[in-house]
Amino acid sequence: MEERVKKQSPDTRRIIYLIGFMGSGKSTIGPILANTMGYSFVDLDSAIEFREGKKINEIFSEHGEQFFRTIERTLLEEIATSADKTIISLGGGTIANDDALRYVKATGIVVYLKITEEQIYKRLHTKGDRPMLRDENGNLLNGEPLMAKIRSLLDKRTPFYDQADIIMHTDDKKIGMTIDELTKQLRSIITP
Ligand code: S3P
């Protein structure tokens with residue numbers, strides 16, 4: 001019997017979005033991956049800080065999360081509209097709604113850098129630059145309350161993250177290995 005090999009049709013999208021929870025390595029892996037692929041790199045959080053002239057923590061504490069989400073969504077489109085051969089690293093919450101997820105899926109290839117909640121805790125429990133991981137009074141969380149917050153955010157966001165085109169487990173992988181695997185997968189679906 002004739003054996004058919006199903007070939008993936010070449011994909012013409014040349015924007016790659018990196019998504020995943022805070023601490024998953026988007027901003028670290030992004031520039032290296034971009035360099036390897038000959039792409040430009042844009043970090044959405046840095047673009048927001050530049051536009052507002054403030055750190056993300058300050059934007060949250062002075063104006064609240066909703067204000068941040070509005071700028072985040074606006075800048076995402078501004079950047080994507082003029083981007084080609086570009087890797088855009090998103091914030092952990094950027095695509096945690098149907099509309100933004102639909103937008104990135106329609107305009108690029110979406111790569112989810114997936115790590116366990118234990119790894120997230122390990123990487124973030126000493127960091128103070130994530131306003132989503134503070135309590136309602138703005139105090140840093142730690143121990144069980146921090147773990148509970150990570151779990152609750154992950155539960156809400158995983159259904160969105162899981163709709164990525166590529167899901168890459170990064171937990172115990174060396175960065176070089178992640179870059180190699182991602183480059184291979186991406187090159188097989190992107191038009192040069
Ligand atoms: C957020 C993640 C952050 C940043 C902001 C909100 C979130 O980005 O956009 O603090 O809601 O998960 P990183 O995922 O790059 O930390």
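This report describes the ligand and the pockets of the structure shown above.

The model is predicted, so local features need a pLDDT of at least 70 and side-chain atom pairs count only at pLDDT 80 or more, while totals for chains, interfaces and linings use all residues. Residues are numbered from 1 along each chain as its sequence is written, and side-chain values use heavy atoms, with hydrogens and water left out.

**The ligand and its shell**

Around the ligand there are 13 residues, of which Lys-26, Asp-45, Arg-69, Arg-130 and Arg-157 come nearest; a residue is counted as near if one of its heavy atoms lies within 4 Å. Sorted by class, this shell holds five nonpolar, three polar and five charged residues, where Asp, Glu, Lys and Arg count as charged, Ala, Val, Leu, Ile, Met, Phe, Trp, Tyr, Cys and Pro as nonpolar, and the others, Gly among them, as polar.

| Residue | Protein atom | Distance to a ligand oxygen |
|---|---|---|
| Lys-26 | side-chain N or O | 2.7 Å |
| Arg-69 | side-chain N or O | 2.7 Å |
| Gly-92 | backbone N or O | 2.8 Å |

Taken alone, the ligand exposes 390 Å², and the protein buries 96% of that area, as computed by the Shrake-Rupley method with a 1.4 Å probe.

**The pockets**

On a 1 Å grid over the protein atoms alone, a pocket is an open set of points where a 1.4 Å probe fits, with protein on both sides within 12 Å along at least five of seven lines, and its lining residues have an atom within 4 Å of a point. The ligand sits in the largest pocket, meaning that more than half of its atoms lie within 2 Å of the grid points.

This largest pocket has a volume of about 610 Å³. Among the 31 residues that line it, Met-22, Ser-27, Asp-45, Asp-129 and Arg-130 are the closest to its centre. Its lining comprises eight nonpolar, eleven polar and twelve charged residues.

The second largest pocket holds about 160 Å³ of space, and its lining includes Glu-65, Arg-69 and Arg-157. By class, that lining has two nonpolar, four polar and five charged residues.

Definitions and conventions:
Polar contact = N/O pair within 3.5 Å; in protein donor to acceptor, adjacent residues only side chain to side chain. Points joined across faces, edges and corners; volume = space filled by probe spheres on them.
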